[in-house]
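Q: Could you walk me through how to read a few features of a protein model? I would like the general idea and then the case at hand.

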Amino acid sequence: MTEPLWTPSAERIEASVLQRYRQALAEQGAGSFADYASLHRWSVTEPGAFWRSIWTYCDVRGARGARDVTEPPDAMPGTRFFPDAQLNFAENLIERGSDGDIAIIATGEGVEDRQLTRAQLRERVDAVAGWLLQQGVEPGDRVAAVMPNLPETMIAALASAKIGAVWSSCSPDFGMQGILDRFEQIRPTVLIGVDGYRYGGKVFDIRDKLEAVRAVLTTVKRVVMVSYLGEAAVPGWIAWSDVTSEGCEYLPLPFDHPLYILFSSGTTGQPKCIVHGAGGTLLQHLKEHQLHSDVAPGDRVLYFTTCGWMMWNWLVSALGSAATVVLYEGNPAYPSTDVLFDIAARYEVTLLGVSAGWINAARQAGSEPVKSHDLHALKSICSTGSPLSPEGFAYVYSAIKPDVQLASISGGTDIVSCFVLGNPTLPVYEGEIQCAGLGMDVDVADENGCSQPTGEKGELVCRAPFPSMPVAFWNDRDTARYRSAYFEHFPGIWHHGDFAEKTAHGGFIIHGRSDATLNPGGVRIGTAELYRVLDRMPELADAAAIGALVEGDVRIVLFVVLAPSADLDADLAQAIRRRLRSEASPRHVPKDIFQIPAIPKTRTGKTAELALRTWIEGGAIRNRNALVNAEVFDTKPPALSP
């Protein structure tokens with residue numbers, strides 16, 4: 001059996017939040033669980049008792065009510081958790097720790113570092129919430145933002161939650177149409193924007209773009225501009241410094257009261273507007289931070305993210321575990337990938353979250369923080385956005401820190417949380433996600449919905465309801481779009497759209513998106529299987545694989561971005577095919593290999609395989625604003641070989 005890359009010490013297991021939670025369950029008579037597998041089994045077979053224990057253990061503020069879960073508990077998507085509860089999401093994040101504790105540390109390209117204490121955060125959220133009330137914002141109204149990852153963004157989101165408004169945001173690098181594709185659907189009352197942002201050493205003034213957006217959003221009554229670059233607000237926009245008022249109380253709200261509207265990537269159609277409830281989001285994030293990521297009071301959590309990615313919402317919730325949130329705004333690889341290690345060392349970060357692509361970039365750049373940085377405080381590294389390759393796992397332990405929990409995590413915008421993720425009490429094996437989340441009845445299914453045995457690939461599903469399922473899709477009154485998105489494939493079972501397998505260690509491997517799965521000769525192959533091989537070739541800077549339909553069969557087509565010194569000649573093409581044949585299988589060998597200048601990706605870093613397939617097959621690319629490197633599609637697609 002494969003040896004683990006890391007095994008937690010007995011002392012670390014005993015000190016973990018997860019172990020203390022298990023001990024608390026035993027003391028309360030809820031059960032004595034010898035291992036994680038038995039604890040997980042209880043969490044999915046007794047959902048009411050489990051989620052009630054999370055409410056209690058994580059000290060949720062609010063009235064829980066008499067009922068834990070509506071009957072029958074296995075009905076999806078109709079199940080409701082804590083239908084009688086009243087709580088306020090913002091209160092559960094802000095009212096933690098002591099007034100002098102640091103709540104937020106913010107840094108970024110070309111700016112001085114800032115810090116806010118818990119008292120300062122509370123005071124500012126109170127002032128903005130009061131101002132929103134003065135403008136006539138009511139529970140259920142939408143507050144939309146085009147903002148970088150700044151303290152002001154968090155303050156505005158928490159102020160909205162305090163009064164029951166629904167928060168929605170995207171990052172300032174979105175094009176005008178990309179912003180409108182999202183916000184026109186949800187008809188916001190207030191729009192908050194920024195004068196501009198810095199990225200990769202460049203300055204981008206977006207005031208004209210935001211004014212054009214404001215002109216189209218006819219439901220907006222107030223517009224607010226944050227001066228991040230030091231520029232003056234556009235006439236008619238209210239300066240952020242003037243957004244202040246007397247405070248207000250936290251408004252108690254139902255468990256499923258809308259908190260966030262998040263958006264699908266929109267690469268195959270108009271973005272879906274996914275509505276998430278306050279209570280489900282809170283419970284899931286508290287569980288994931290504390291039990292799976294070992295976040296404790298006083299810890300410092302840095303997750304590189306933009307405000308258009310659900311990991312930003314996940315990061316904000318770390319406040320609810322009495323941790324300090326560390327924000328970085330800018331390019332995480334400028335002037336080098338060491339920038340995040342610099343911050344982690346300077347502020348003694350305990351959890352560092354990045355994308356799998358960033359880890360690969362750091363590896364290719366030869367960064368070795370184990371030699372150059374003091375990361376003694378770092379307990380956990382999280383990776384998401386796409387599957388982390390075995391080489392990425394090995395790099396973390398050889399070049400970043402040998403004694404760290406590497407948690408590859410996977411879930412998504414659809415659930416604003418994770419299905420499979422880390423566990424501070426279990427070993428880490430190369431290429432594997434450690435476990436299914438507590439309370440998440442995750443499985444891998446065949447095409448008939450039956451459970452696949454260990455090592456067999458299939459569809460990632462969840463067989464039982466959980467609190468962070470979307471409350472609804474916006475403007476989907478008959479729930480037809482919602483049901484079609486998740487329950488059409490397997491009635492009554494959540495179908496997530498990932499191609500996965502269970503491992504002998506109780507973990508999972510994600511092989512890519514199901515809708516991008518390759519199917520040559522009727523054999524299903526995950527794109528991540530190719531990428532794991534290609535990542536080891538120094539001649540390749542990036543790659544993307546698609547399955548093109550040619551004469552009734554699926555042909556693997558490979559797009560590559562070359563390293564500066566490489567040429568896609570016959571020798572390199574042969575080397576690529578030889579590596580894939582020997583390290584994967586003959587079915588993984590591409591018929592065509594094409595060089596392109598950059599790989600189109602979603603703004604969360606996922607390879608846009610479906611868009612590449614549409615392009616090579618001669619179709620039109622929809623919603624290009626949802627992609628980076630979309631200029632590739634301005635050229636004529638290469639011709640497939642006969």
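A: Gladly. Let us begin with a term we will need: contact means heavy atoms within 4.5 Å. Keep in mind as well that this is a predicted model.

Q: Which strands does helix α10 lie across, and at what angle does α10 run to β21?

A: Helix α10, residues 278-292, lies across β21 and β22. Its direction makes an angle of about 35° with β21.

Q: What is the strand order in the open sheet of 3 strands?

A: The general idea is that strands of a sheet pair through backbone hydrogen bonds, either parallel or antiparallel. Here the order is β20-β21-β22, and the pairing is antiparallel. β20 (410-412) and β22 (435-436) stand at the edges with a single partner strand each, so one side of each has no neighbour in the sheet. Strand β21 covers residues 417-421 and is joined to β22 by 2 bridges. In that pairing, L421 is placed opposite C435 of β22.

Q: How many bridges join β26 to β27, and which residue stands opposite I509?

A: Strand β26 (residues 494-502) runs antiparallel to β27, with 4 bridges between them. E501 is the residue that faces I509 in β27. Between the two strands of this hairpin lie 5 residues, and G506 takes a positive phi near 85°. As for burial, 5 of the 6 residues of β27 (508-513) are buried, so the strand is largely enclosed by the rest of the structure.

Q: What span should helix α7 have, and how far apart are its end C-alpha atoms?

A: The check uses 1.5 Å a residue: the 13 residues of α7 (151-163) should span 18 Å, and the end C-alpha atoms lie 19 Å apart, which agrees. Helix α7 is also mostly covered, with 13 of its 13 residues buried. Just after α7 comes G164, with a positive phi of about 90°.

Q: How many helices and strands does the protein chain have?

A: There are 19 helices and 32 strands in the protein chain. Its radius of gyration is 24 Å, close to the 26 Å from the globule rule for 642 residues, so the chain is as compact as a globular protein of that length. Along the principal axes, the C-alpha atoms fill a box of roughly 70 × 65 × 55 Å.

Q: What percentage of the residues is buried?

A: Buried residues, meaning those under 20% relative accessible area, make up 61% of the 642 residues. The accessible surface comes to about 23,900 Å², and carbon and sulfur atoms hold 48% of it.

Definitions and conventions
Residues numbered from 1 in each chain as written. Predicted model: local features only at pLDDT ≥ 70, side-chain atom pairs only at ≥ 80, totals over all residues. Heavy atoms only, no water. Pairing = 2+ DSSP bridges. Axes fitted to C-alpha atoms, helices over the stretch in contact; angles between N-to-C directions. Expected span 1.5 Å × (residues − 1). Buried < 20%, exposed > 50% of the residue type's maximum accessible area, 1.4 Å probe, protein only. Rg over C-alpha atoms; globule rule 2.2 N^0.38 Å. Areas by Shrake-Rupley, 256 points an atom, 1.4 Å probe, with all protein chains shown as cover.
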